[in-house]
Amino acid sequence: MKVFDHRDVEAEDVGEGALKVRVRWLIDEKIGAENFAMRLFELEPGGYTPYHKHPWEHEVFVLEGKGVVVGEDGEHEIAEGSVIFIPPNENHQFRNVGDQALKFLCLIPYQR
């Protein structure tokens with residue numbers, strides 16, 4: 001078992017196509033997780049992730065802030081308590097449209 005404070009995990013830049021976004025890999029293979037990864041995304045006001053897709057699903061839970069998730073069927077408002085499921089191979093993007101940080105947990109399976 002591992003118990004730690006999320007702030008002890010270094011926040012990393014998301015990379016190309018993103019603006020004002022950091023991610024903390026809270027649970028991953030480095031600590032022994034073999035099937036799933038849990039990540040904490042933090043988007044500053046005006047920040048966004050790349051519009052992209054990949055062959056795995058996402059399970060997302062919004063912790064705080066306001067935003068939109070953009071998908072192939074349009075934009076959906078999200079806020080604290082929102083739950084989002086993104087199927088494999090669906091284009092998606094998260095945008096912070098509020099005046100404070102948008103924070104959400106995102107769980108993904110490891111591809112074997």
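This report walks through the nonpolar core, a surface patch and the salt bridges of the structure above.

The model is predicted, so local features need pLDDT of at least 70 and side-chain atom pairs count only at pLDDT 80 or more, while totals for chains, interfaces and linings use all residues. Residues are numbered from 1 along each chain as its sequence is written, and side-chain values use heavy atoms, with hydrogens and water left out.

**The core**

Let's start inside. A nonpolar core here is a set of buried Ala, Val, Leu, Ile, Met, Phe, Trp, Tyr and Cys residues joined through side-chain atoms within 4.5 Å. Buried means under 20% relative accessible area, exposed means over 50%, and partly exposed is in between (1.4 Å probe, protein chains only). The largest such core has 17 residues, and F41, L43, I78, I84, F94 and F104 touch the most other members. Two or more residues each come from strand 2 (19–27), strand 3 (36–48), strand 4 (58–64), strand 7 (83–86) and strand 9 (102–109). Strand 9 is the top contributor, with 4 residues. Strands are DSSP runs of E, at least two residues long, numbered from the N terminus.

Take L43: beyond its neighbours within four places in sequence, its contacts (heavy atoms within 4.5 Å) include K20, V21, F94, L102 and F104.

**V69**

V69 sits in strand 5 (residues 66–71) and is buried, at 8% relative accessible area. Setting aside neighbours within four places, V69 contacts G74, E75, H76, I78, Q93 and F94. T49 is 20 residues away from V69 in sequence, and their C-alpha atoms are 9.7 Å apart.

**Out on the surface**

F4, I27 and I31 make up a nonpolar surface patch with about 220 Å² of accessible area together. Patch members have over 30% relative accessible area and no salt bridge, with nonpolar side chains (Val, Leu, Ile, Met, Phe, Trp, Tyr) joined within 5 Å. Areas are from the Shrake-Rupley method with a 1.4 Å probe. I31 belongs to the loop between strand 2 and strand 3 and is partly exposed, at 31%.

**Salt bridges**

There are 4 salt bridges in the structure, each a side-chain nitrogen of Lys or Arg within 4 Å of a carboxyl oxygen of Asp or Glu. The table lists some of them.

| Pair | N to O distance |
|---|---|
| D5 and R7 | 2.5 Å |
| D13 and R22 | 2.9 Å |
| R24 and E42 | 3.1 Å |

R24 is in strand 2 and E42 in strand 3, so this pair ties together parts 18 residues apart in sequence. Both R24 and E42 are buried. By contrast, D13 is exposed at 58% relative accessibility, and R22 is partly exposed at 31%.

Technical notes:
Patch = residues over 30% accessible without salt bridge, like charges linked within 9 Å, V, L, I, M, F, W, Y side chains within 5 Å.
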